[in-house]
Amino acid sequence: HMGQAVQKMCPMCLIENGNDGKLQVIPQALKALAQIDQRVVVVAVVGLYRTGKSYLMNKLAGKRKGFALGATVQSKTKGIWMWCVPHPVKEGHTLVLLDTEGLGDVEKGDAKNDIWIFSLAVLLSSTLVYNSMGTIDNDAIQRLHYVTELTEHIKVKSKADNEDESIEFVRIFPSFVWTVRDFTLTLEFDGKPVTADEYLDKSLQLKNGHSKKVQEYNMPRSCLRNFFPSRKCFVFERPAATEKMKELSELSDRELEPSFVEQANEFCDYIYNKAEIKTLKGGIPVTGRLLGNLAKVYVDTICSNQVPCLENAVQALSQIENANAVQRAVAHYRAKMGEWVVFPTETQEELSQIHGTMVKEALKIFIENSFKDEDQKHQLELMKVLQKEYEAICDKNIQESKKVCQSIIKRVFQPLEDRLSSGSYMSPGGYRKYSQDIQNYIRKYRSEHGRGVMAEETLKEYLEGKKKTGETILAADQSLTEAEHQMEVERARTRALEQEKQAAKEKAEIYERMMKDQQHTYNENVEQLLKKMEEERISAMREHERVVEAKLKEQHDLLKEGFKEKAELLQKEIDGLNRQREKEQVESPSLFSTILDNVGQAASLFLPGILPKVGGMAVSYMSRFFK
């Protein structure tokens with residue numbers, strides 16, 4: 001059903017630049033994103049308006065129309081428009097296209113909000129497409145002045161010790177794609193043909209020197225090279241003759257220049273196959289719902305005149321998401337237990353098995369939707385709630401069993417009650433007849449199905465109620481000798497004890513099973529927690545590798561361009577990153593152990609059935625994950 005939710009979506013405004021000059025997130029767009037549980041690939045297209053961005057957006061969405069093209073109302077609406085479509089290549093993923101509307105020249109409009117809109121496009125996307133006209137010359141690069149201002153508009157850590165945070169940008173920034181429209185040059189350098197990527201790299205080469213002019217020239221180039229983890233370039237020829245350009249959206253591919261159509265298809269293929277899913281720092285994957293919350297957290301921060309900070313945003317989001325994950329997991333458990341449990345269950349075992357399956361499913365939902373659950377606070381909360389829910393279900397099972405048993409007893413023992421009422425046992429030989437009848441009805445009662453977990457307990461209560469009646473009949477029976485009388489008293493006592501034992505055994509079975517269930521629930525929690533931590537470790541490692549790869553490429557380019565000092569500084573950065581990673585890997589197993597201990601100790605407060613010492617378990621689990 002998630003796919004359908006995406007299918008029907010039209011382009012809508014996500015972030016609007018209100019009349020009061022303040023940015024705001026449109027509630028309707030948040031609602032639409034909240035429907036998307038799938039992971040999202042977020043492609044933002046930025047660039048001056050009237051540069052043909054909308055054509056690319058529509059092409060990516062596989063539609064001819066969608067984002068309004070050309071001179072329409074929407075270029076007056078400043079802000080970010082979004083379009084969610086099912087991802088054409090990655091199954092079970094959603095492609096979210098973001099269009100920054102009305103980023104004008106610096107002279108036009110509100111330059112302050114333009115940089116915020118640009119910053120938000122960077123913060124929300126996993127691929128940023130920068131669209132420009134003509135050629136990549138110094139003018140085009142200087143128009144990207146937004147990039148140089150990002151350091152003042154984005155913070156990574158909440159407590160930065162005045163260090164230059166921009167070295168962290170490559171970790172959190174999207175990949176960068178430059179699309180050049182109406183490109184009229186030949187792709188060659190010194191008479192040799194070059195690729196579009198090489199053309200971009202040449203355009204971003206730095207100049208030697210320290211003059212203000214050189215610094216101004218180098219600044220945006222340095223930022224582009226250092227902030228974004230990867231760069232790609234596509235050039236497009238003019239799509240059609242000038243008079244046809246006005247109705248670009250009306251033209252079919254047949255009416256456009258074949259080379260333009262081919263270039264547009266290449267661009268789309270690249271985005272479909274190479275654009276990654278959006279992640280948060282540490283490689284945490286983002287869903288549509290998370291993306292909406294992220295946009296809201298950032299815009300709220302900007303509106304309160306603060307700089308969006310990634311660490312704070314992740315913190316705020318994890319609170320929202322984790323609480324939501326607990327709710328969803330509990331709702332799933334409740335619904336499924338309601339669906340599968342028919343009261344009373346024949347045995348506690350049967351109830352326990354359904355519970356075990358549903359706990360596993362509920363936990364999976366929680367784990368999939370939660371992240372950065374500090375001290376496993378929310379996971380423990382979930383364990384607690386599920387335990388309470390289960391106890392209530394067990395209790396209901398006991399009550400329902402008693403009810404059923406009482407009505408079976410009423411039906412089965414009715415003839416006995418009738419004879420008692422008519423006094424037919426109050427005669428010589430009456431006691432043995434009474435005793436025999438009771439044993440027969442007990443056998444009949446025990447052969448009935450559907451009595452549930454309280455069969456012997458309910459019977460015990462009924463028989464206890466008959467103790468006085470039996471004694472009265474026995475006292476009145478004159479046909480028994482003193483010795484026989486004594487023997488019947490003994491026999492009645494033995495049977496009562498036997499019944500007591502059966503009822504106690506039944507109760508003990510319920511209790512033992514519930515204790516085992518607690519241990520299972522705990523084991524399942526540990527199992528899934530460790531799996532999740534292992535996945536997070538792999539994500540963090542991938543992120544680290546991507547960052548180092550980007551830095552190594554930049555170092556290689558600097559050396560090639562003759563910037564030895566800069567390359568050496570970069571080496572220090574790379575060494576620092578590697579040291580940090582090694583330190584994390586050394587600390588990882590003991591962190592695992594500590595977390596397990598904490599979870600075990602906290603859980604044992606409300607799960608008395610679990611082993612209080614979990615150190616041994618930690619070791620055996622870890623040996624499986626850290627091969």
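User: What should I know about the numbering and the model?
Analyst: Residues are numbered from 1 along each chain as its sequence is written. The model is predicted, local features need pLDDT of at least 70, side-chain atom pairs count only at pLDDT 80 or more, and side-chain values use heavy atoms.

User: How many residues does helix 11 have, and what does helix 11 reach from its first C-alpha to its last?
Analyst: Helices are DSSP runs (H or I, at least four residues), numbered from the N terminus. The expected span is 1.5 Å times one less than the number of residues. Helix 11 (residues 258-274) has 17 residues and reaches 24 Å, close to the expected 24 Å.

User: Which residues of helix 11 are buried?
Analyst: Buried means under 20% relative accessible area (1.4 Å probe, protein chains only). In helix 11 the buried residues are Phe260, Val261, Gln263, Ala264, Phe267, Cys268, Ile271 and Tyr272. An α-helix has 3.6 residues a turn, so residues three or four places apart point the same way. The buried residues of helix 11 pack against elements including strand 3 (39-46) and helix 3 (53-60).

User: At what angle do helix 12 and helix 13 pack?
Analyst: Angles run from 0 to 180 degrees between N-to-C directions, with axes fitted to C-alpha atoms over the stretch in contact. Helix 12 (residues 288-303) and helix 13 (residues 310-340) pack at about 140 degrees, their axes 10 Å apart. The two are therefore oblique; angles under 35 degrees count as roughly parallel, over 145 as roughly antiparallel, 65 to 115 as roughly perpendicular and the rest as oblique.

User: Which residues of helix 15 meet helix 17?
Analyst: Contact means heavy atoms within 4.5 Å. Cys405, Ile408, Ile409 and Val412 in helix 15 meet Tyr441, Lys444 and Tyr445 in helix 17.

Notes: Buried < 20%, exposed > 50% of the residue type's maximum accessible area, 1.4 Å probe, protein only.
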